[in-house]
Amino acid sequence: MLITQLKKKEEILPFLKAKTLLVACFGCKEVFFPEKEYQNIKEEFKKLYPDLSGEIVLDYLCNEDYTAKRLELYRQEIEKAETMVVFACGVGVQTLAGLLASKTVLAGCDTFYLPGFSGFTPSSYDCEQCGECRLSSTAGICPVTACSKGLLNGPCGGAKNGKCEVSKIKECGWENIMNKITTTGKVAEKLKESVSIRDYKKSQ
Amino acid sequence: MPKLDFTKYKLKSKEELADILALKKRIFVLSCNKCFNELTSDLEPETAELNILLNETGKTATGSRALDFLCNKFLTEKTLSGLKEEVAGADAVAVIACGVGVQTIAGILNVPVLPIADSVFQGGYHGISLNAEKCGACGECYLTLTGGICPVVDCSKGLINGPCGGAKNGKCEVSKDKDCAWENIYNRLKGQNREKVFILQEPKLRNYNKNSAEFMDSYVKTIQAKRNEGFYGGLYPEEKKELTEKLPITKITAPEIVSIPLQQHAGAVCEALVKKGDKVKAGQRIGESKAAISAFVHSSVSGEVLAVEPKKHPLLPEPVLTVVIKNDKRDEVSFAVNSKGSLELSAKEDILKAIKEAGIVGMGGAQFPTHIKLNSNKPIDTILLNGCECEPLLNADYRLMVEKPEQIILGLKLLMKAAGVNKGIIAVEDNKPEALRILKAKVEGDLTVEVVPVKTKYPEGAERMLIKRVLNREVPRGGLPLEVGVIVNNIGTALAVYKAVYTGEPLISRVVTVAGEGVEKPGNYEIKTGMLLSEIVNICGINIPSNYELKMGGAIMGFVQTDFEVPVIKGTNGIVVVRKKDDLTAEPCIKCGRCVNVCPMELKPHKLVFYAQAENWEKVENEGVFNCIECGCCEDICSSKSHMVEIFKKSKKIIRERKK
């Protein structure tokens with residue numbers, strides 16, 4: 001799933017030339033697009049550049065069909081503008097840039113990744129779509145995502161007190177897997193299972 | 001044009017499955033209805049395939065269940081708790097879902113959980129709709145420099161400073177089917193005369209630590225906590241309360257002519273007690289009904305009846321019998337308007353009678369007659385005053401709480417006495433600290449009334465949500481708050497009850513917030529019932545900009561008004577100008593899951609729409625359409641622009657009519 005943060009003001013300011021149109025996407029509201037931050041920064045911009053050519057607020061910029069229809073509604077504003085600064089996730093910016101190939105489309109946000117697929121509150125579980133699900137031999141805890149290194153056949157040995165060496169707040173995926181297998185009492189059986197090498201082509 | 005399909009899993013091969021299922025005999029099957037592909041059937045083929053395989057290999061399927069969005073932990077957990085016995089009888093639970101779904105189940109159930117499918121790699125993180133554009137979520141967007149074509153995702157090597165040089169005829173060396181992203185970037189920039197800007201940039205180094213464990217962890221935790229605050233689902237719309245929150249209540253002079261509909265309540269329409277030419281006084285009863293559910297209607301001014309005829313109603317589709325009165329400006333008050341007692345002196349029956357006489361109804365919008373609500377035969381222990389006002393723009397209740405706290409508390413106590421309970425709670429959203437402070441000070445030391453802050457979230461003001469949050473009681477689906485011993489009343493209603501008992505004044509005026517785009521004189525106005533919208537539009541200087549519309553009620557649940565010759569009625573808490581939704585035709589549902597994620601009633605709105613369109617009314621009802629509170633969260637979030645609330649209203653009507 002995707003989430004956005006506004007770029008720093010200093011980064012956006014050079015984008016704002018005389019004929020700049022702001023486009024904001026408030027689509028997936030429940031993943032908390034920085035709406036308030038956007039409103040605040042917009043007011044600041046308006047004071048600095050009284051002739052900003054306008055603002056369009058849409059939702060689901062990523063929906064190409066709808067966005068195309070809506071751009072028709074705002075055709076005049078768009079024609080007047082030289083550049084458009086888009087406050088949306090990377091998908092939204094690309095969709096708009098693709099639809100308006102002759103316009104300079106600039107990104108006002110950075111997009112980050114959160115576990116779980118789009119459509120939902122971020123999950124505590126992640127899936128990398130490796131294409132060869134191993135959860136049946138790892139007690140339902142995914143070694144590809146729960147282990148920082150994506151190791152498939154056991155821990156690296158770098159964990160301390162159950163925490164990963166990559167980050168103190170991240171639990172060692174393999175310790176969790178082992179603990180869960182132990183509770184079902186089938187450790188020996190599981191350890192005997194041979195582990196295949198990951199086929200990275202499946203996730204390309 | 002066929003929609004793209006981003007199905008996230010496919011069944012493993014027979015050989016692999018035979019391996020995975022080898023030592024298990026009794027299997028319970030859980031499958032996830034695929035997200036992000038068009039909703040054309042409510043059955044997924046994989047379950048049948050797996051059942052055949054189980055049969056062939058001599059396994060017993062102890063049961064199976066298909067769910068929507070297994071990854072929705074809250075709802076999945078609830079469903080699974082109802083399947084405990086079936087699951088307990090199995091050696092293992094086979095899960096047909098993507099990796100997130102399988103892990104979610106493995107995290108909930110304490111039995112072996114077997115993945116039956118492999119996730120299908122979709123590459124890059126897609127947005128909410130079915131769209132081929134991808135985002136690498138790198139955390140440092142380069143699209144500004146690259147003409148809106150992403151080098152991180154579209155270049156096979158994810159190069160961010162230019163092409164590798166390996167492309168031939170515009171195609172990447174990794175695959176002949178793949179365009180060289182950098183050639184596309186260069187061509188796009190050249191078309192915009194921007195290629196030099198790019199070339200003169202300093203080389204960039206990608207920071208792979210932007211999505212650090214710390215970053216993700218803090219976001220995931222805060223978002224999850226916020227999503228589950230108080231009740232499941234809901235939204236955080238822009239509040240815009242600041243437009244009128246500081247403006248004290250002011251009276252609008254009574255108009256020349258008032259137009260009073262004889263239906264301003266849930267239940268039966270009143271019969272007129274006056275006819276053309278009659279003289280009436282302010283507060284005089286002009287309509288009543290003998291039906292079990294109805295409320296009296298009174299004149300809001302003194303003057304002469306000009307007509308009694310059907311007229312357009314602000315909420316109802318058909319014209320409603322309406323008494324039109326010419327105001328003689330003498331403000332003569334009916335003899336019936338005199339004090340009916342007080343909290344100390346009036347008995348339960350006196351208070352109920354005064355409320356009935358005054359024609360008081362729920363003033364939050366639903367307009368259910370208050371005297372009927374109070375006269376329940378179920379055991380009640382709490383009266384809950386709803387001071388949430390969770391709709392954007394509205395401040396009518398807020399101003400009342402700030403300006404008339406004593407009267408509201410007295411009104412609450414009268415309601416408590418009338419219902420025979422000792423406990424009253426005033427729940428106020430925490431975005432109204434001033435109201436909370438004032439009310440808390442007024443009830444200090446009072447053991448019967450409590451003022452409780454609740455977190456701000458839409459639709460907090462819905463009875464069911466509020467009861468869950470404040471009292472932690474769950475109103476059964478399809479049931480009323482009465483069933484858990486609670487009666488919920490609006491702040492305005494409490495004030496009306498106070499007036500009815502202490503002054504005998506019937507419900508003939510109310511506070512209305514007028515606000516929104518193009519409103520010259522926004523404010524919180526005390527307006528006589530029956531005043532026409534057109535006059536308020538003039539007085540408040542409302543010029544509705546294009547792309548905007550006027551609603552009576554709240555910004556989300558209010559009713560759009562196109563004809564302004566309709567009156568303010570007892571339930572009108574706002575007159576607001578809000579942005580019109582772009583007029584887009586609904587597209588097929590792509591099962592993005594947002595509606596399920598926001599529905600506070602824990603319904604599956606997309607399924608309701610699917611069955612309603614198939615006119616499968618039995619399933620619409622079974623999926624719980626009558627539990628829908630029409631809050632509009634699903635419609636607001638729908639990525640396919642389905643007009644869901646309208647579909648649900650129609651469905652309810654059709655199902656009711658079929659039952660007759």
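A residue is called buried here if 20 or more other C-beta atoms lie within 10 Å of its own, exposed if 12 or fewer, and partly exposed in between, with C-beta atoms placed from the backbone. What you see above is a predicted model, where local features need pLDDT of at least 70, side-chain atom pairs count only at pLDDT 80 or more, and totals for chains, interfaces and linings use all residues. Residues are numbered from 1 along each chain as its sequence is written, and chains are lettered from A and ligands numbered from 1 in the order in which they are written.

I will begin with one helix, α7(B). Helices are DSSP runs of H or I with at least four residues, strands are runs of E with at least two, and both are numbered from the N terminus. Which residues of α7(B) are buried? They are A181(B), W182(B), I185(B), R188(B) and L189(B). An α-helix has 3.6 residues a turn, so residues three or four places apart point the same way. The cover over the buried residues of α7(B) includes α6 (151-154) and α8 (195-199) of chain B, counting a contact when C-beta atoms, placed from the backbone, lie within 7 Å. After α7(B) comes N193(B), with a positive phi near 55 degrees.

Now the interface. The contact takes 73 residues from chain B and 71 from chain A. On the chain B side, the elements giving two or more residues include α7 (181-191) and α9 (213-227). The most come from α9(B), with 10 residues.

Technical notes
Two residues are in contact if their C-beta atoms, placed from the backbone, lie within 7 Å.
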